[in-house]
Amino acid sequence: MDRVDVKCLSRDALTRWMVDELGDDAGRAVRVFKRLWQDGVTDFAQMDGVARATRERLAERAVLPTLEADVVLDSADGTRKFLWKLHDGYRIESVLIPDGHRLTLCMSSQVGCAMACHFCVTGDMGLKRHLTASEIADQALQVQRTLPEGVRITNLVFMGMGEPLHNLKNLIPALEILLDDHGLNFSHRKVTVSTVGLVPKMAELAAALPVNLAISVNATTEEQRLQIMPITRKHSLAELMDAARAFPLPPGKRITFEYVMFAGFNDTLDDAARLFELLRGIPAKVNLIPYNENEHYRDLKCPDAATVKAFQHYFVSRGLGCSVRTTRGLDISAACGQLGRARMGGVLAAQL
Ligand code: SF4
């Protein structure tokens with residue numbers, strides 16, 4: 001009989017399983033859930049406060065995997081990259097980014113990615129597999145456990161390896177664990193899921209959980225977007241904008257539109273004007289990401305600072321929030337679009 005990975009189960013799912021399959025009661029399931037996610041136990045035997053008989057039944061029927069950091073790299077700017085080794089030899093990455101009072105963890109949702117965006121190293125790998133809910137949520141737990149007493153990750157962003165909405169089946173239980181006050185207890189206001197625009201999944205995410213949404217838009221016409229983001233063939237820019245307009249947002253919340261800027265491709269004021277029009281009617285803010293040049297895509301260049309500033313000014317002067325993302329962790333290949341350049345499992349190791 002296959003053993004159950006208890007770290008894939010939300011509190012409700014764990015309770016159902018322990019009541020139905022182990023004959024335990026709900027109170028005991030909550031205690032187990034807390035030992036898993038608040039104490040970070042790595043062995044059922046360590047579950048203080050849980051009856052010995054329950055611990056033994058769990059050890060027989062379930063597993064309790066823990067992500068292992070293969071390499072941890074520190075950037076001169078304070079960014080820290082964790083390269084996790086998975087049980088099947090693949091590796092994924094999480095990046096911890098300090099910024100003033102914020103400490104943001106950028107998390108992965110898949111090994112590789114099927115979206116094949118033409119500027120992204122992860123996309124170049126193709127999809128190797130989805131991460132389990134356990135592997136997703138455990139990134140936050142294991143990073144938190146490396147931090148000194150009193151220091152806490154404040155924000156979670158799903159902008160690492162993978163398209164999170166392509167793995168919604170596992171992302172939702174992982175988010176439930178991350179948001180649960182008996183689990184990792186993050187506020188839904190501090191958790192952001194980024195998508196290239198898997199339109200039907202956007203509505204599914206909204207129906208499941210009230211987290212923040214970011215859309216990686218990166219272009220202002222269908223033709224332009226198609227050149228860099230193959231997903232546009234399946235879901236057009238127009239369809240994506242309609243889905244954004246229909247996305248249910250609580251009062252005061254806005255969708256973040258991420259816009260990677262490439263010199264001579266999408267960085268003119270005409271592009272800014274078209275993007276402004278696309279966002280009309282959507283509670284939106286824009287996050288400009290000057291492209292991180294790298295040897296993998298030598299033909300793609302970062303616009304100069306004046307071009308980025310003029311682009312930003314176009315929005316700000318019209319009353320639309322627009323920030324420029326500072327590049328972080330370049331010296332450890334932790335910047336946007338660079339993840340996965342380090343060692344991956346199997347065949348990829350030879351390719352990279
Ligand atoms: S940018 Fe995101 S969605 Fe596109 S290929 Fe890279 S990881 Fe996948």
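Predicted model: local features only at pLDDT ≥ 70, side-chain atom pairs only at ≥ 80, totals over all residues.

User: OK, confidence. What is the mean pLDDT of the protein chain?
Analyst: The mean is 92. A pLDDT of 70 or more is reached by 94% of the residues.

User: Where is the pLDDT below 50?
Analyst: Over residues 341-352. Beyond near neighbours in sequence, that stretch makes 18 contacts in the model.

User: Switching to domains. What does the assignment give?
Analyst: Domain 1 covers 4-63, and domain 2 covers 68-351. Their C-alpha centres are 33 Å apart.

User: How many residues are in contact between domain 1 and domain 2?
Analyst: On the domain 1 side, 12 residues. They meet 14 residues of domain 2.

User: Which helices supply at least two residues of the side of domain 1 that touches domain 2?
Analyst: Helix 1 (11-22) and helix 2 (26-37) each do. Helix 2 gives the largest share, with four residues.

User: How do the residues on that side of domain 1 divide into nonpolar, polar and charged?
Analyst: Six are nonpolar, two are polar and four are charged.

User: Now helix 6. How many residues does it have?
Analyst: Helix 6 spans residues 168-179, so to speak a run of 12 residues. From first C-alpha to last it reaches 16 Å. That is close to the 16 Å expected at 1.5 Å a residue.

User: Is helix 6 mostly covered or mostly exposed, and which of its residues are buried?
Analyst: Mostly covered, with nine of its 12 residues buried. Those in helix 6 are Leu168, Asn170, Leu171, Pro173, Ala174, Leu175, Ile177, Leu178 and Leu179.

User: Last one, Thr327. Where is its place?
Analyst: Thr327 sits in the loop between strand 14 (322-324) and helix 13 (346-351).

User: Why does Thr327 count as partly exposed?
Analyst: Because 18 other C-beta atoms lie within 10 Å of Thr327. Buried would take 20 or more, and exposed 12 or fewer.

User: How far is Thr327 from Tyr291, in sequence and in space?
Analyst: They are 36 residues apart in sequence. In space, Thr327 and Tyr291 are 8.7 Å apart, C-alpha to C-alpha.

Definitions and conventions. Residues numbered from 1 in each chain as written. pLDDT = per-residue confidence, 0-100. Contact = placed C-beta atoms within 7 Å. Domains from an automatic or database assignment. Nonpolar A, V, L, I, M, F, W, Y, C, P; charged D, E, K, R; others polar. Expected span 1.5 Å × (residues − 1).
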